[in-house]
Amino acid sequence: MSRKSDLRTFKTLNAIEISFTNLISTKAFRDITINDIAKGAVINRSTFYLHYTDKYKLLDTLVNQKIRKVMETISSKAHIKNGKLDYSLFAIDLTNSLKVVAEHAQLYRFILNDSESLGLRKKTELALGKKLSKSFPLETTITRDLLIEIVSSIYISVISWWLNNGMKYSAQFMASELVQFFELGSKSLLI
């Protein structure tokens, strides 16, 4: 019985996410109503409220899930050892991150464009910066916290550009280009 209930909950949450994702591509977030979400998910409002207090809680939950999914693709191994960037590990992590982004492109596009100033892009940059700080050496030529901010901003900007341009390049190609960019620049930035 519990398994059946878990499956039903999973299907309901998935339907809500799909409905919400479809809506954000056609309406401004401020104009989306619970009725809109429920109608798209083929549920009633009370079912929505069993899972979320409002559309802001839904948005917060989905954004946190999507950020966490991308962060999970970044290896816990340090990308920088003895002042050198491990380009192959870096490329693998970037490719995996971009593949996750591609799976839910509409939602990530909404998060990174943040046209309604909901703080979503900044939240993503902060999460990425926190994750990257674990793999950066303690000493760098450029002030460490500034370097992490620069790198995070570059990642987010490039991913946003990729999404906004229809992902015209593969995840692997994008990762390769970013690695090459950092390979050219990192030689002079790291001790």
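**Entry 1**

I take helices (H or I, at least four residues) and strands (E, at least two) as DSSP runs numbered from the N terminus. The model is a predicted one, in which local features need pLDDT of at least 70 and side-chain atom pairs count only at pLDDT 80 or more, while totals for chains, interfaces and linings use all residues. Residues are numbered from 1 along each chain as its sequence is written, and side-chain values use heavy atoms, with hydrogens and water left out.

I then checked the length of helix H4 (residues 55–71): its 17 residues should span 24 Å at 1.5 Å a residue, and its end C-alpha atoms are 24 Å apart, which agrees. The expected span is 1.5 Å times one less than the number of residues.

**Entry 2. The chain as a whole**

I counted nine helices and two strands, in the order α-α-α-α-β-β-α-α-α-α-α along the sequence. Of the 191 residues, 40% count as buried. I looked up confidence as pLDDT, the predictor's score for each residue from 0 to 100. The chain averages 87, and 88% of the residues score at least 70.

**Entry 3. The nonpolar core**

I asked which residues have the most contacts inside the largest nonpolar core. A nonpolar core is a set of buried Ala, Val, Leu, Ile, Met, Phe, Trp, Tyr and Cys residues joined through side-chain atoms within 4.5 Å. The largest has 50 residues, and those with the most contacts inside it are Ile16, Phe20, Ile37, Phe48, Leu58 and Tyr155. H8 gives the most to this core, with eight residues. In soluble globular proteins, nonpolar side chains tend to be buried together.

For Ile37 I left aside neighbours within four places in sequence and found contacts with Ile16, Ser19, Phe20, Leu23, Ile32, Phe48, Lys55 and Leu58.

**Entry 4. Tyr52**

I placed Tyr52 in the loop between helix H3 (45–51) and H4. Tyr52 is buried, with a relative accessible area of 8%. Not counting residues up to four places away in sequence, Tyr52 touches Leu13, Ile16, Lys57, Leu58 and Thr61. Tyr52 and Leu13 are 39 residues apart in sequence, and their C-alpha atoms are 9.8 Å apart.

**Entry 5. H8 and positive phi**

I found that H8 has 21 residues and reaches 30 Å from its first C-alpha to its last, close to the 30 Å expected. Its buried residues include Tyr155 and Trp162. Just after H8, Gly166 takes a positive phi of about 70°.

Which residues other than glycine also have a positive phi? I noted Ser117, with phi near 50°, and Met167, with about 50°. Ser117 lies in the loop between H6 and H7 and counts as exposed because its relative accessibility is 66%. Met167 lies in the loop between H8 and H9 and is partly exposed, at 26% relative accessible area.

Definitions and conventions. Buried means under 20% relative accessible area, exposed over 50%, partly exposed in between (1.4 Å probe, protein chains only). Contact means heavy atoms within 4.5 Å.
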